[in-house]
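Please look over the chain shown here. A short briefing goes with it.

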Amino acid sequence: MNCGVIELMRPLQLVWFLMACWWAVTAGAAVGPASPQLRCGWFENPTPGNAWLIDREGEWVVSLQGWHQAVGDWPTFKSWRWVRTNGNYGYGCTCMRVLIDPNSFTITKILSSSSRSLATCRRDGALKEPTPG
């Protein structure tokens, strides 16, 4: 009669076997390294140390003073691609290749970025243009 592998094991072997099985199952469910994503929309920088990207999915935090700062360089904009709302601060249209934390809607790393014309974001019906305030 074949009693199976588990029945033939000694208690300590059984513990190690079950731990190995548990590890194999949970390791398969673990999230691997984040994949870069291309996100396009309004990059808003209203005040020093505060910035976010507003795309079709929502508002992604790039930087909040005293809380979070994404690694990497923020997009740069020529004057005709930047709407000034507070001195040199304001918003522009951009595409950014980034790593994100989808649970907290934060951008954790900026891999690259490029500015787009303001008209590009204005034509996209899914994007609402920031309002000074």
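Predicted model: local features only at pLDDT ≥ 70, side-chain atom pairs only at ≥ 80, totals over all residues.

Strand β6, residues 89-101, is largely enclosed by the rest of the structure, because ten of its 13 residues are buried. Strand β1 joins β6 through nine bridges.

**Strand β6 and its partners**

- Strand β1 spans residues 37-47 and runs antiparallel to β6, with nine bridges between the two.
- Within this pairing, C40 stands opposite C95 of β6.
- Strand β5 covers residues 82-86 and is also antiparallel to β6, joined to it by four bridges.
- R84 has G90 of β6 as its bridge partner.
- A hairpin is formed by β5 and β6, and two residues lie between the strands. G87 sits in that turn with a positive phi of about 65°.
- Strand β7, residues 106-116, pairs with β6 over nine bridges, again in the antiparallel sense.
- T94 faces S115 of β7 across this pairing.
- The hairpin of β6 and β7 has four residues between the strands. Here F105 takes a positive phi near 50°.

- E44 is located in strand β1.
- E44 is buried and has no salt bridge.
- Which side chain of opposite charge is nearest to E44? It is K128, 9.8 Å away. A salt bridge would need a side-chain nitrogen within 4 Å of a carboxyl oxygen.
- Leaving out residues up to four places away in sequence, E44 touches N50, A51, W52, I54, G90, Y91 and P130.

**Disulfides**

- The count of disulfides is two.
- Their pattern is 1-3, 2-4, with bonded cysteines counted along the chain.
- C40 and C95 make one of them, with sulfur atoms 1.9 Å apart.
- C40 is partly exposed, at a relative accessible area of 31%. C95 is buried, at 11%.
- C93 and C121 form a disulfide too, and their sulfur atoms are 2.0 Å apart. C93 belongs to strand β6 and C121 to helix α3 (residues 118-123), so the bond ties together parts that are 28 residues apart in sequence.
- For C93 and C121 the torsion about the S-S bond is about 75°, so this disulfide is right-handed.
- C93 is buried, with a relative accessible area of 2%. C121 is buried, with a relative accessible area of 2%.

**Aromatic pairs**

- Five aromatic pairs occur in the structure.
- W42 and Y91 form an edge-to-face pair, 5.3 Å centre to centre with 85° between the planes.
- Are W42 and Y91 buried or exposed? Both are buried.
- F43 and W74 have ring centres 5.7 Å apart. Their planes stand at 65°, so this pair is edge-to-face.
- F43 is in strand β1, while W74 is in the loop between β4 (68-69) and β5, so the pair ties together parts that are 31 residues apart in sequence.
- F43 counts as buried because its relative accessibility is 1%. W74 has a relative accessible area of 24%, so it is partly exposed. The cut-off for buried is under 20%.
- One aromatic cluster is made of F43, W74, F77 and W82.

**Where the topics meet**

- C40 and C95 stand opposite each other in the strand pairing and form a disulfide.

Terms used: Residues numbered from 1 in each chain as written. Heavy atoms only, no water. Buried < 20%, exposed > 50% of the residue type's maximum accessible area, 1.4 Å probe, protein only. Pairing = 2+ DSSP bridges. Lys, Arg positive; Asp, Glu negative; His and termini not counted. Contact = heavy atoms within 4.5 Å. Disulfide = S-S within 2.5 Å. Phe/Tyr/Trp six-rings, centres within 6.5 Å; stacked < 30°, edge-to-face > 60°.
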